[in-house]
Amino acid sequence: MREVMDELMQWWSAGETVGVGTVVGTWRSAPRQAGASMLVGPGGEAVGSVSGGCVEGAVYELSQEVVETGRPVLQRYGVSDDDAYAVGLTCGGILDVFVEKVSRETFPELGDVAADIAAGRPVAVVTVIEHPEPTWVGRRVFVHAEDEGDDDTSVLGSLGSGRADDAVRDDARGLLAQGRSAILTYGPDGERRGEGMRVFVAAHAPKPRMLVFGAIDFAAAVARVGGFLGYYVTVCDARPVFATKTRFPGADEVVVKWPHDYLQNEVDEGRIDSRTVIAVLTHDPKFDVPLLEVALRLPEVAYIGAMGSRRTHEDRLERLREAGLTDDELARMSSPIGLDLGARTPEETAVSIAAEIIALRWGGAGERLAATEGPIHHHHPAHDTPLGH
């Protein structure tokens with residue numbers, strides 16, 4: 001939804017009606033993740049994508065029908081049995097797409113949701129996508145992080161009963177903390193040990209963070225790639241002459257501070273989580289050893305990579321062991337950083353680092369696909385969209 005929010009808000013603010021198709025469930029080699037959205041504007045404009053082109057035509061027509069009838073529809077798209085190039089996914093995946101009519105009347109809270117997203121305030125939009133009672137389909141509640149207030153103020157709206165609202169509250173907060181969207185299944189009135197009601201939790205959390213330490217030319221390239229991948233990028237270096245916004249236009253922020261002090265402060269302030277990636281590009285012991293002492297002892301981050309030659313790596317390991325780090329803690333460090341792409345330039349090296357981050361996130365081996373067999377997309381339980389609760 002974030003990708004199409006600007007266009008959606010323009011139409012919503014103008015009092016127009018929009019057809020919105022959202023991917024809520026994905027299986028096998030589905031081309032888009034849950035949350036990907038496509039809009040059909042009041043003038044027939046198509047914005048966004050749910051499948052990279054495979055089923056957009058069908059979703060476009062269904063969106064127009066839903067705008068006419070006002071009744072939301074949950075539609076599954078898979079490979080056509082008769083012709084893979086008919087309405088279906090040639091990649092072999094399966095998509096569940098929820099199509100609804102959005103306007104000021106049907107979604108009066110959209111302005112508040114957009115404001116939360118723009119301000120970086122975590123919010124989960126919980127929508128009933130399937131229920132034995134058709135009038136429940138399309139109902140929403142809005143769940144904020146627990147520290148936003150007590151239960152009465154941090155959960156707004158209703159799915160249809162207090163029991164159902166209570167059931168989804170904690171589950172939605174858990175997904176929100178992970179920045180993960182998913183389908184959850186309950187009984188018709190929110191019973192945990194039941195079936196009949198399915199809700200889609202669209203978790204709108206702030207962008208994951210990429211911390212790049214070392215104000216060098218490689219850092220500028222890594223910052224650009226990090227922004228392209230959707231990270232909020234911070235470049236940090238203790239040397240003010242090098243750590244300037246002019247030298248790092250691709251970074252969201254540039255910080256002049258000793259790296260280990262900055263990282264420890266971010267940890268203490270609760271701004272580091274399991275999605276955070278850390279790239280240590282200083283390859284100077286006085287900077288990177290104290291920094292890695294902090295980083296490698298963090299309970300969980302997505303990635304810790306350190307730049308340097310084989311010799312630098314061995315020297316770094318020796319210094320870190322002298323500092324008291326264990327073999328298990330050292331094993332969390334990707335060093336030398338990146339995948340073996342034969343990279344030489346800063347830009348190529350940045351691609352190598354980004355490739356390693358992606359491979360570790362999704363369980364890829366970093367091999368040439370032409371030399372492998374089996375599914376292209378790896379199953380990763382942490383990012384799967386479950387059918388059940």
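Are Asp-288 and Arg-316 buried or exposed? Both Asp-288 and Arg-316 are buried, where buried means under 20% relative accessible area, exposed over 50%, and partly exposed in between (1.4 Å probe, protein chains only).

## About the model

This is a predicted model, in which local features need pLDDT of at least 70 and side-chain atom pairs count only at pLDDT 80 or more, while totals for chains, interfaces and linings use all residues. Residues are numbered from 1 along each chain as its sequence is written, and side-chain values use heavy atoms, with hydrogens and water left out.

## The overall picture

The protein has eleven helices and 16 strands; helices (H or I, at least four residues) and strands (E, at least two) are DSSP runs, numbered from the N terminus. Of its 389 residues, 46% count as buried.

Take contacts, meaning heavy atoms within 4.5 Å. Among those between residues at least 6 apart in sequence, 58% join residues at least 24 apart.

## Salt bridges

Side chains of opposite charge can pair when their charged atoms come close. A salt bridge here is a side-chain nitrogen of Lys or Arg within 4 Å of a carboxyl oxygen of Asp or Glu, and the whole structure holds 19 of them. Asp-288 and Arg-316 form one, at 3.4 Å from N to O. This pair links distant parts of the chain, with Asp-288 in helix H8 (residues 285-295) and Arg-316 in helix H9 (residues 310-322), 28 residues apart.

Glu-100 and Arg-140 form another salt bridge, their closest N and O atoms being 2.3 Å apart. Because Glu-100 lies in strand E5 (residues 94-102) and Arg-140 in strand E7 (residues 140-144), the pair ties together parts that are 40 residues apart in sequence. Glu-100 and Arg-140 are both buried.

Arg-209 also forms a salt bridge with Glu-266, with 2.7 Å between the closest N and O atoms. Arg-209 is in strand E11 (residues 209-213) and Glu-266 in helix H7 (residues 259-268), so the pair ties together parts that are 57 residues apart in sequence. Arg-209 is buried, with a relative accessible area of 10%, and Glu-266 counts as buried at 5% relative accessibility.

## An exposed residue

Where is Phe-228 placed? Phe-228 is in helix H6 (residues 217-228). Phe-228 counts as exposed because its relative accessibility is 72%.
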